[in-house]
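Biologist: I would like to learn how to read a structure like this one. Can we go feature by feature?

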Amino acid sequence: MIVKDMLKKSLYILMCIFVFVNVFLLNVVLHEAGHYAAAVQYGLEPQIEFDIDGVRDALSFSLKSKAIASTSFIDNGNKENLFVIVSMGPFVNLILGLIFMTLFFVFRKKNFFAEMILIAGIVSFGAFVMNILPFEGIDGKVMLDILK
């Protein structure tokens, strides 16, 4: 019985890690897609680059900051356009978090599925918060600099 419980808990932990990692990567991809879509709207020829080493570093939970992905585009000098493009990434994370939390409240009965949706919502909201912080190399710093 003890072995069965340990196996059950181990599988649960592995599933939580699996959901966390995949939702984290989903947030990265959709975040950059938000920047990309906004830049396309302004005709700025965006390009998305993913850094596999950055993914490994992010998942190792080190304190050094390294970009996992980035979107580059032609800067037309319009600060309003730039603000919209930069803010679209975190906005997508916020919307994704709201979608997951809405699904959680719909399926909130105590079950495995609801708990995995809750993890997805927390990761998405965490991505939103992290990306609006005013630190160097993060969208929040660029947005703050534009507003100055």
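Biologist: Which residues does Ile-85 touch, not counting residues up to four places away in sequence?

Modeller: In this predicted model, Ile-85 touches His-35, Ala-38, Ala-39, Tyr-42, Leu-44 and Phe-73. Ile-85 itself lies in helix α3.

Biologist: Is Ile-85 buried or exposed?

Modeller: Look at the relative accessible area. Buried means under 20%. Ile-85 has 1%, so Ile-85 is buried.

Biologist: Is Asn-27 buried or exposed?

Modeller: Apply the cut-off again: buried is under 20%. The relative accessible area of Asn-27 is 2%, so Asn-27 is buried.

Biologist: Which side chain does Asn-27 join through a polar contact?

Modeller: That of Ser-124, with a polar contact of 3.0 Å. Ser-124 is also among the residues in contact with Asn-27 once neighbours within four places in sequence are set aside.

Biologist: Let us step back. What does the secondary structure of the chain come to?

Modeller: Five helices and two strands. Then read their order. Along the sequence the pattern is α-β-α-β-α-α-α.

Biologist: How many of the contacts join residues at least 24 apart?

Modeller: Start with contacts between residues at least 6 apart in sequence. Of those, 63% join residues at least 24 apart.

Biologist: What share of the chain counts as buried?

Modeller: The chain has 148 residues, and 33% of them count as buried.

Biologist: How many positive and negative side chains does the chain have?

Modeller: There are 12 positive and 13 negative ones. Next, compare where they sit. The centres of the two sets lie 16 Å apart.

Biologist: Last point. Where is confidence lowest, and where is it highest?

Modeller: Helix α2, residues 52–59, is lowest, with a mean pLDDT of 65. Helix α3, residues 79–106, is highest, at 96. The chain averages 90, and 91% of the residues score at least 70.

Biologist: Why should I care about a low score?

Modeller: Where pLDDT is low, predicted coordinates should not be read in detail.

Definitions and conventions: Residues are numbered from 1 along each chain as its sequence is written. This is a predicted model: local features need pLDDT of at least 70, side-chain atom pairs count only at pLDDT 80 or more; totals for chains, interfaces and linings use all residues. Side-chain values use heavy atoms; hydrogens and water are left out. pLDDT is the predictor's confidence in each residue, from 0 to 100. Helices (H or I, at least four residues) and strands (E, at least two) are DSSP runs, numbered from the N terminus. Buried means under 20% relative accessible area, exposed over 50%, partly exposed in between (1.4 Å probe, protein chains only). Contact means heavy atoms within 4.5 Å. A polar contact is a pair of N or O atoms within 3.5 Å; within protein, one must be able to donate a hydrogen and the other to accept it, and residues adjacent in sequence count only if both atoms are side-chain atoms. Lys and Arg count as positive and Asp and Glu as negative; His and the chain ends are not counted. The place of a charge is taken as NZ of Lys, CZ of Arg, CG of Asp or CD of Glu.
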